[in-house]
Amino acid sequence: MEENKTFEDFSFNEDLLDGLDAMGFQKPTPIQEEAIPVILEGKDLIACAQTGTGKTAAFLLPILDKIYSQNDNESTINAVIIVPTRELALQIDQAVEGFAYFINVSSLPIYGGGDGMSWEQQKKALVEGVDIVVATPGRFISHLNMDYVDLSKVSHLILDEADRMLDMGFLDDIVKIINYLPKERQNLLFSATMPPTIRTLAKKILVNPEQINLAISKPAAGVLQAAYMVYDENKIDLVCHLIKGKSSYPSILIFSSTRKAVNSIVRALRKNGFQAEGISSDLEQKQRETVLREFKSRRVQILVATDILSRGIDIKDISLVINFDVPSDAEDYVHRVGRTARAASTGVAVTFISPKDQRRFYSIEQLIEMEVRKMPTPPEIGESPKYNPGKKGKGGKRRNFRHKNRGNRKPRGKRK
């Protein structure tokens with residue numbers, strides 16, 4: 001890769017370059033540098049790169065350049081981008097709006113969870129024609145079943161976060177959507193990981209694809225990772241201890257694995273005087289958009305979320321990510337901590353490890369091929385379990401993690 005390469009080296013249209021300049025884009029990231037020439041050549045592509053490396057621009061920019069260069073003024077769908085979540089659909093639509101500020105290319109996000117009015121607005125745009133459709137599988141199929149969507153002129157199919165879509169059970173929906181598309185088209189598959197299921201899907205839909213593999217399953221180099229050994233009942237106190245007085249951290253993202261825990265964490269933080277909001281699949285779409293807007297604008301310092309946000313949300317300058325609990329899937333850890341240190345920036349990611357989660361965290365360390373520094377719970381908060389994942393079970397027997405001075409510990413109460 002050329003160190004001094006710029007977006008002008010791709011021979012993009014001047015109006016598109018003006019949009020990039022207005023958004024502050026100067027030099028392409030490694031995934032952009034490798035993927036853009038392949039896409040401009042019209043080849044199929046399977047690309048694997050971690051969260052936060054610029055995958056969205058890697059496929060959007062060459063597609064936008066192609067659509068704008070055609071300049072046929074037809075009101076037909078040219079590109080279909082399939083994504084796993086409504087948040088990612090909105091993010092990509094917003095990226096199109098920014099990149100295409102000086103060019104006449106339109107996009108439409110298609111996702112569920114709204115009211116009847118949102119359905120009618122989506123239907124109207126699909127019937128009248130739009131250049132790029134960014135859709136979640138289920139909602140898009142609902143529109144396709146009504147027979148008013150014309151996909152006969154689609155030239156580009158992009159599957160973004162393909163591994164996540166398969167994890168969520170969208171394989172049959174993806175196949176169904178593909179059956180509506182023309183046989184002759186360019187296919188682009190982007191994924192943060194490359195399990196066998198993705199390889200199988202790629203063989204079904206891609207034709208002689210180019211392959212790009214960058215930093216598979218590794219957190220970005222700019223992420224300072226650390227872990228605290230802590231019992232569950234001390235986690236809230238530890239969160240408050242870590243973020244108290246941290247005005248230098250304008251945006252803090254806390255991940256929990258359950259919706260119920262999100263609500264309890266938010267209540268506890270507010271009780272301790274912190275500005276915190278929670279987001280999970282329990283919220284209506286408008287509520288989720290409002291919460292995200294408040295967080296992005298820095299009116300709310302702390303956002304507590306389930307893994308719904310670990311992928312597909314582009315919030316800049318998140319300085320601290322806290323894993324309130326260890327994710328059940330080792331790959332999810334990479335995506336969680338990938339919310340900080342986006343692109344070439346830096347950030348901090350802290351994980352709380354209770355005895356029952358030690359084996360899970362050991363699996364994460366095996367995946368990322370590094371040992372994360374373990375720190376004890378501060379003495380004023382409580383005793384700290386030892387890190388001893390062993391080869392069996394989830395953290396070993398309880399006695400392995402008791403502090404020698406266990407007599408000073410407060411009653412633990414009923415364990416969850």
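Val321 stands opposite Ala349 in S13. The two strands behind this pairing are S12 (residues 320-323) and S13 (residues 347-353), which run parallel and are joined by 4 bridges. Strands count as paired here if DSSP finds at least two bridges between them. In general, strands of a sheet pair through backbone hydrogen bonds, either parallel or antiparallel.

A word on the source: this is a predicted model, where local features need pLDDT of at least 70 and side-chain atom pairs count only at pLDDT 80 or more, while totals for chains, interfaces and linings use all residues. Residues are numbered from 1 along each chain as its sequence is written, and side-chain values use heavy atoms, with hydrogens and water left out.

**The sheet and its helices**

S12 and S13 belong to an open sheet of 7 strands with parallel pairing, in the order S10-S11-S9-S12-S13-S8-S14. Its edges are strand S10 (276-279) and strand S14 (373-376), each pairing on one side only. On average, neighbouring strands of this sheet are turned by 20 degrees against each other, direction ignored.

Helix H10 (residues 235-243) packs on the sheet and touches strand S8 (223-229), strand S9 (252-255), strand S11 (302-305), S12 and S13. The direction of H10 makes about 160 degrees with that of S13. Helix H11 (residues 259-271) packs on the sheet too, touching S9, S10 and S11, and its direction makes about 175 degrees with that of S10. For these angles, axes are lines fitted to C-alpha atoms (for helices over the stretch in contact), and values run from 0 to 180 degrees between N-to-C directions.

Across the chain there are 14 helices and 14 strands. These are DSSP runs numbered from the N terminus: H or I with at least four residues for helices, E with at least two for strands.

**Salt bridges**

Side chains of opposite charge can pair when their charged atoms come close. The cut-off for a salt bridge is a side-chain nitrogen of Lys or Arg within 4 Å of a carboxyl oxygen of Asp or Glu, and by this rule the count comes to 11.

| Salt bridge | N to O distance |
|---|---|
| Lys43 and Glu41 | 3.2 Å |
| Glu294 and Arg299 | 3.1 Å |
| Asp357 and Arg360 | 3.7 Å |

How exposed are the partners in the last row? Asp357 is buried at 3% relative accessible area, whereas Arg360 is partly exposed at 30%. Buried means under 20%, exposed over 50%, and partly exposed in between (1.4 Å probe, protein chains only). Elsewhere, salt bridges that share partners join Glu41, Lys43 and Glu210 into one network. Glu294 is partly exposed at 25%, and Arg299 is partly exposed at 47%.

**The chain overall**

Buried residues make up 55% of the 416 residues. The chain exposes about 19,700 Å² (Shrake-Rupley method, 1.4 Å probe), and carbon and sulfur atoms supply 47% of that area. Of the contacts (heavy atoms within 4.5 Å) between residues at least 6 apart in sequence, 77% join residues at least 24 apart.

How confident is the predictor? On pLDDT, its confidence in each residue from 0 to 100, the chain averages 84, and 84% of the residues score at least 70. Over residues 391-416 pLDDT stays under 50, and the model has 35 contacts beyond four places in sequence for this stretch.

Notes. pLDDT is the predictor's confidence in each residue, from 0 to 100.
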